[in-house]
Amino acid sequence: MLLHILCDHLTIVAIVITSISVWAFLRWGQDRNLNIPPGPNGSPLIGNLPAFLSSSPTDFFAECSKKFGDIFKLQLGQQRVFIVSCTDLGRKVFSNRDAQNRVPNVAYYKVFGRNAHGITFSSNGPCKDARRFLLGLFRDLGVGRGSFEYKILSEAERLAMNLGERVGKREADIKQKFFWAVSNITCGIVFGKQYEYDDPTLKQFVDFVETLFIAAGPGALFLTSPFLSALPFGPGSKALNCLRKFRKEMEKIINERISSFDPQETPCNVVDAFLLEIHNNPGNSGHINQENLLLCFVDLFVAGTETTTSTLSFAILFLTTHLQVQEKCQQELDLFIKGGGQLTYSERSRLPFLQAVIHETQRVSNVAPIGIPHLADKDIKLSGFDLPKGSAIAANMKVILMNDNVFENPEDFNPDRFIKDGAFEENPHVIPFSTGNRACLGEKLARMELFVFLSHLLSRYSFKPPKNVTMPSILNGIETAVTRSPLPYEVVISER
Ligand code: HEM
C-alpha cells in the first residue's frame with residue numbers, strides 16, 4: 001500500500017519535472033533568436049525567487065539595474081518579469097497598447113469568482129469598462145475639485161481633533177490615525193458612510209488592508225502565483241482568509257444599500273452607481289455587475305488606503321527629522337492664512353513650498369516601489385530588446401526616483417530642488433502614480449488628500465522628535481507586497 005502511494009507520488013513528481021523541462025527547452029528554443037534583456041542567473045524551476053524573497057525587492061532591483069542596465073529580466077517561477085529602471089523606457093512601455101493587461105490574481109478568483117474582474121488585476125474589456133465607469137463617477141462626484149473637497153476637509157478636521165488629544169504627549173502610532181482618516185474617505189466614496197475613529201467597522205477595514213498587504217508577500221507573489229496561493233499554510237492562505245472575511249463585510253454593506261436604494265436619486269457613491277447601472281440595464285450592464293462591484297470595492301480600499309497613508313506617515317517623519325523644512329513650510333502657511341487665504345486645493349499654487357514638500361515626499365518615500373506589474377499580451381519591441389508575449393513588466397521606482405543624473409544628492413530630503421524663481425516646478429521624473437493608460441486611478445483623489453491633510457495639520461501643530469530618541473533613517477522602510485511604509489517612529493505634537 002505504502003509502496004503504491006509512493007509510486008503515485010513519484011509519478012506525479014516525474015510528470016511535473018518532465019513538463020517543466022520540456023517547457024524550459026521550448027522557451028530556450030524560442031528565446032535563442034530574440035534579443036531578451038539580460039538579467040541575473042536563477043536556479044532551475046524557481047529562477048530568481050530566492051533573491052526576490054530574501055532581500056528587500058527594491059534593493060535587489062537596484063543592484064540588478066547597476067549590473068544589467070535600464071531594463072533587466074527576472075525569472076520568478078514560471079513568470080518572466082522585465083524590470084524597467086528609467087523614466088523614458090517606463091513611459092514608452094507603460095503607454096504601449098500591448099502592455100496594458102495584468103497578471104491574473106488567482107486569490108481574487110478563488111474568493112470572488114471568475115466573473116469578478118475588478119480594476120487592479122483586470123485586463124482588456126472588463127478593465128476598460130471598470131476604469132471608464134469609475135473615472136466617470138469620480139468626475140461626477142467632483143473628485144479632485146472643490147465640490148468634493150469638503151469631505152476631505154471635514155475628515156482633516158476629525159483627524160486634527162484626534163491628534164489634539166495627544167498634544168504634549170508622545171504619539172507612537174500616527175500611521176494608524178492616518179489610516180483611519182484615509183480609509184474613512186474611501187468609505188465615503190465607496191458606500192457613502194464615514195465613521196468615528198473608534199468604530200469597529202472602520203477598524204476592521206483598516207485591519208483587513210494591513211493584513212492583506214503583509215500576507216500577500218513581496219511583490220504580491222502569494223496573490224498572483226497559482227502555486228503559492230494554493231499552499232494550505234503560510235501567507236497565501238492568510239491572504240485568502242482575509243479576503244473571505246472582507247467579502248462578508250462588504251456583502252453586508254451592499255445589502256444595506258440595496259434595501260434603501262432609490263433609482264430616482266443621483267448616486268453619490270460607487271455602490272449606488274453600480275446598483276443604478278444594473279437597475280437601468282437589467283441583464284445588459286456588461287462588466288458593471290454585482291460580482292464586479294465586490295472586487296472594485298476591494299480594489300479601491302487596497303490600492304488607495306495603504307499608499308496614501310504611508311505617504312502621509314513618511315511626510316511627518318521627513319518633517320520631524322528636517323525641522324527647518326517644517327518651519328519654512330509653516331511660515332509659508334502662516335503668511336498665506338494671515339493674508340486671508342483659505343487652505344483649499346484650488347489655492348495650492350499660492351503655497352509653492354508645501355507643494356514642493358509633497359512632491360519631494362513622494363519622490364523619497366517611494367510607496368509603490370514596483371507599481372503594479374503590467375502584462376504583455378503581444379510580443380513587444382522596446383529599445384531594441386524583445387519582450388515576449390506573456391511577460392510581466394514592472395517599474396524599478398527606487399532607481400527612477402533616486403536617479404543621480406536627474407536629482408542632485410538624491411538621498412537628501414530637499415524640497416527646494418523643486419522651487420524655481422519662487423514657484424513650484426513639478427519634475428517629470430517623479431512618477432509615483434506611474435504613467436500610461438493604467439496609471440493610478442485615484443491620482444487626483446490622492447493629491448487632494450495629501451494637500452488637505454498636510455496643510456491643515458502643519459498650520460495647527462508642530463511635530464518634533466521625542467527627547468533622547470533616535471528617529472529611523474528616512475531611507476529605510478518596510479516593504480509589504482507592492483507598497484513601502486516607514487519604520488515605526490514616535491513624535492511629540494505641540495499646538496502652534
Ligand atoms: C499616494 C497615493 C497613491 C500612490 C503613490 C498610488 C500609486 C499607484 C501606482 C504606481 C499604480 C500602478 C499604475 C500602473 O499599473 O502603471 C496605481 C494603481 C491604482 N491605484 Fe493608486 N496610488 C495612490 C492612491 C490611490 C487612491 C487614493 C486610489 C483610489 C481610491 C487609488 C486607486 C488605484 C487603482 C484602482 C489602481 C489600479 C489601476 C488600474 O489597474 O488600471 N490609488 N496606484
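An oxygen atom of the ligand sits 2.8 Å from an N or O atom in the side chain of Arg 438, a polar contact (a pair of N or O atoms within 3.5 Å; within protein, one must be able to donate a hydrogen and the other to accept it, and residues adjacent in sequence count only if both atoms are side-chain atoms). This is a predicted model, where local features need pLDDT of at least 70 and side-chain atom pairs count only at pLDDT 80 or more, while totals for chains, interfaces and linings use all residues. Residues are numbered from 1 along each chain as its sequence is written, and side-chain values use heavy atoms, with hydrogens and water left out.

**Around the ligand**

- Arg 102 has a polar side-chain atom 2.7 Å from an oxygen atom of the ligand, and for His 374 the distance to an oxygen atom of the ligand is 2.9 Å.
- Of the 27 residues around the ligand, the nearest are Arg 102, Arg 131, Ser 434, Arg 438 and Cys 440; a residue is near if one of its heavy atoms lies within 4 Å.
- This shell holds 13 nonpolar, 10 polar and 4 charged residues (Ala, Val, Leu, Ile, Met, Phe, Trp, Tyr, Cys and Pro count as nonpolar, Asp, Glu, Lys and Arg as charged, and the others, Gly among them, as polar).
- Helix 14 (290–321) gives the largest share of the shell, 6 residues; helices (H or I, at least four residues) and strands (E, at least two) are DSSP runs, numbered from the N terminus.

**The iron atom**

- Which protein donor does the iron atom of the ligand have? The only one is Cys 440 (SG), at 2.3 Å; donors are N, O and S atoms within 2.8 Å of the metal (3.2 Å for Na, K and Ca), and water is not among the atoms, so sites may look incomplete.
- Cys 440 belongs to the loop between strand 9 (423–424) and helix 18 (443–460).

**Helix packing**

- The axes of helix 14 and helix 16 come within 9 Å and cross at roughly 105 degrees (axes are lines fitted to C-alpha atoms, for helices over the stretch in contact, and angles run from 0 to 180 degrees between N-to-C directions).
- Helix 14 and helix 16 are therefore roughly perpendicular (angles under 35 degrees count as roughly parallel, over 145 as roughly antiparallel, 65 to 115 as roughly perpendicular and the rest as oblique).
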